[in-house]
Amino acid sequence: MSETYNSSMTAGTTSPPGSGHVQAAGVSIKDLRKSYGSNEVLKGISLNVEPGQVVCLIGPSGSGKSTLLRCVNLLEKPNEGTIHVGAFEATDPDVDLDRMRRSVGMVFQHFNLFPHLTVLDNCTIAQLKVLKRSAEEARQVAHRNLERVGLGHLAERYPDQLSGGQQQRVAIARSLSMDPQLMLFDEPTSALDPETVGDVLAVMRSLAKDGMTMLVVTHEMGFAREVADRVVFMDGGVVVEEGPAENVISAPTQPRTKEFLRRVLDPTHIEVAE
Ligand SMILES: Nc1ncnc2c1ncn2[C@@H]1O[C@H](COP(=O)(O)OP(=O)(O)OP(=O)(O)O)[C@@H](O)[C@H]1O
Ligand SMILES: [Mg+2]
């Protein structure tokens, strides 16, 4: 396995497992290509996220945003290019898959909690099975992270007794309980009732403040503007434009970015278009 330590990629401080202290890792993606059959979905993507940075990924449906996240998390195998997460090369054929996946947390649009397990057990099961933590330690870590997302009081409930926004916050607590060095979010609020979106975004905002490295696919432009260090606009499998959130969202230079933002930022237009 290539495990060349690169100090610029890893903000390393030691802390006990599950302490809530973030050991953020950077991500470096170079010339990434991914095809499904003859359909090339990622056409040479290069992207850097420094440790502790938040990068929001925006772009039309089908532009390859989810595929990119899935490559970083090794749920998809890229055809070409490299991905480094902290000290590890994710694209190394000999990479320790379990170790890599443990360091990358992923939160999807649909939270995929186990319906037959309590909120607490949803947050301990992977700690017990994958990290081999003791039941007591896993419980403490889960509680700490449920408190962190404001749901400590609901630990004994079952997922179907929670709102969508609460379930998504449990999914975030579950991910945090594995001590990730990087968090990937794929439209975490797009399936939620509008009144629960704010609570999820507030949790993500506080994670960013704590120094977590975050790569976030979202159409929440207010969040991107406020929290993202950079915004990357993708279309047709390439990065069309990227820069500080304020520049890309308020003063895009590329016609495709302008057109996309006009549709996303103007709800009347969306209603008419659909
Ligand atoms: N497993 C797969 N097999 C074949 N084609 C796929 C697969 N996953 C994605 N694709 C195709 O890759 C392209 C990019 O899909 P992707 O889901 O990455 O887009 P996206 O930007 O996340 O879109 P959305 O905003 O709708 O979520 C699409 O044309 C899609 O049909
Ligand atoms: Mg997607």
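Student: How many residues of the shell around ligand 1 are nonpolar, polar and charged?
Tutor: The shell divides into 3 nonpolar, 7 polar and 2 charged residues. Ala, Val, Leu, Ile, Met, Phe, Trp, Tyr, Cys and Pro count as nonpolar, Asp, Glu, Lys and Arg as charged, and the others, Gly among them, as polar.

Student: Where do these numbers come from?
Tutor: This is a predicted model, with local features needing pLDDT of at least 70, side-chain atom pairs counting only at pLDDT 80 or more, and totals for chains, interfaces and linings using all residues; side-chain values use heavy atoms, without hydrogens and water. Residues are numbered from 1 along each chain as its sequence is written, while chains are lettered from A and ligands numbered from 1 in the order in which they are written.

Student: Which residues surround ligand 1?
Tutor: Tyr 36, Asn 39, Val 41, Pro 60, Ser 61, Gly 62, Ser 63, Gly 64, Lys 65, Ser 66, Thr 67 and Glu 187. A residue is near a molecule or strand if one of its heavy atoms lies within 4 Å of it.

Student: Which element gives the most to that shell?
Tutor: α1 does, with 3 residues. Both β2 (39–49) and α1 (65–72) supply at least two. Helices (H or I, at least four residues) and strands (E, at least two) are DSSP runs, numbered from the N terminus.

Student: What about polar contacts to ligand 1?
Tutor: Those are pairs of N or O atoms within 3.5 Å; within protein, one must be able to donate a hydrogen and the other to accept it, and residues adjacent in sequence count only if both atoms are side-chain atoms. A polar side-chain atom of Lys 65 is 2.8 Å from a ligand 1 oxygen, and the side chain of Ser 66 has an N or O atom 2.8 Å from an oxygen of ligand 1. Ser 63 uses a backbone N or O atom, at 3.2 Å from a ligand oxygen.

Student: Now the sheet. What is the strand order?
Tutor: β2-β1-β4-β5, an open sheet of 4 strands with antiparallel pairing. Two strands pair if DSSP finds at least two bridges between them. β2 and β5 (88–89) are at the edges with a single partner strand each, so one side of each has no neighbour in the sheet.

Student: How many bridges join β1 and β2?
Tutor: 8, in the antiparallel sense. Tyr 36 has Asn 39 in β2 as its bridge partner. The hairpin of β1 and β2 has 2 residues between the strands, and Gly 37 there takes a positive phi near 60°.

Student: And how many bridges for β1 with β4?
Tutor: Strand β1 (residues 27–36) and strand β4 (residues 80–85) pair antiparallel over 5 bridges. Lys 30 has Thr 82 in β4 as its bridge partner.
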